[in-house]
Amino acid sequence: MDEGKIPTQSYGILEQKQVLTDIEEIREQFLTNGYAILDAGLSGEDIATIQADFDTLSRRYITHYGSDKLKSCDEYHTVRAPLLFENSDTFLRLALNPVLLEFVSSVIAGSFILNQQNAITNPSRQPYNQGKWHRDLPYQHFVSSRPIAVNALYCVDDFTSDNGSTYVLPFSHLREEMPSTRYIKNHAVQVCAKAGRFIVINCMTFHTGGFNLSPLDRRAVNHLFNIPFFKQQIKIPGNLSEEGLTEQQKKILGFGFDEIQSIDAFVAQRLRRV
């Protein structure tokens, strides 16, 4: 027997998970560890387009709001809801990436919507506001038996240990309180991934961006998908045209999940479903 090889035979096992596809394998990793890496299936040209459009939009955003204002409210390294900006089809396509949506639908039972999309820069050799441990449903200390929200962090650049790749605490989505500082130091895992991948994280898994020691900024686009009981960070319906969207895409973007404004509107909506 090759002692360096992980054994695959077993005994005394009455039940075992069967995995047939790549998505099922990633789903199993995600449900067990609280995170996984998902290849978005993009071409080299697609990856380069996202990188170029990220920089273009970041410059537009800073010019529009002003660097001093953004720095004063700790928003300088974040572009909120890039898919809502004019000529930002790149970011809308990224949010609706078929591989990503297939994965999210495999871990969230029933309907889900895009809660938020943010373009985030981890600056070279500077602290930034994502460099602190948190959950993506912050201030919550509960766990659920099934995922209710998924963080999908698209790697615009390679995520490396040198440029502050994301740290996660595996299995922390299974416990309510945040683990001790000593536990974090001993068990945190840094997740490295190539550009064009999503780092998918259970929203209740504690994670943080690392400190970027490299000479270049590290860029990412974060997405949070959740069950429709949570309102969007920035409302997408009404700020994004429905033109060209399929019914399924509109549903994922939150169309039809707005707060109902009156009893009449509620009854009318129910009647449309009959």
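**View 1. The side chain of Ser124 reaches the backbone oxygen of Ser214 at 2.6 Å.** This is a predicted model, in which local features need pLDDT of at least 70 and side-chain atom pairs count only at pLDDT 80 or more, while totals for chains, interfaces and linings use all residues. Residues are numbered from 1 along each chain as its sequence is written, and side-chain values use heavy atoms, with hydrogens and water left out. Look for Ser124 in the loop between strand 3 (113–122) and strand 4 (149–155); strands are DSSP runs of E, at least two residues, and helices are runs of H or I, at least four residues, both numbered from the N terminus. Ser124 counts as buried because its relative accessibility is 15% (buried is under 20%, exposed over 50%, partly exposed in between, with a 1.4 Å probe and protein chains only). Beyond its neighbours within four places in sequence, Ser124 is in contact (heavy atoms within 4.5 Å) with Asn212, Ser214, Pro215, Leu216 and Asp217.

**View 2. Three strands make an open, antiparallel sheet in the order 6-5-8.** Strand 6 (189–190) and strand 8 (207–208) are the edge strands, each pairing on one side only. Strand 5 (residues 167–168) is joined to strand 8 by two bridges; pairing requires that DSSP finds at least two bridges between two strands.

**View 3. Val267 sits in helix 8 (residues 263–272).** Val267 counts as partly exposed because its relative accessibility is 41%.

Terms used. Polar contact = N/O pair within 3.5 Å; in protein donor to acceptor, adjacent residues only side chain to side chain.
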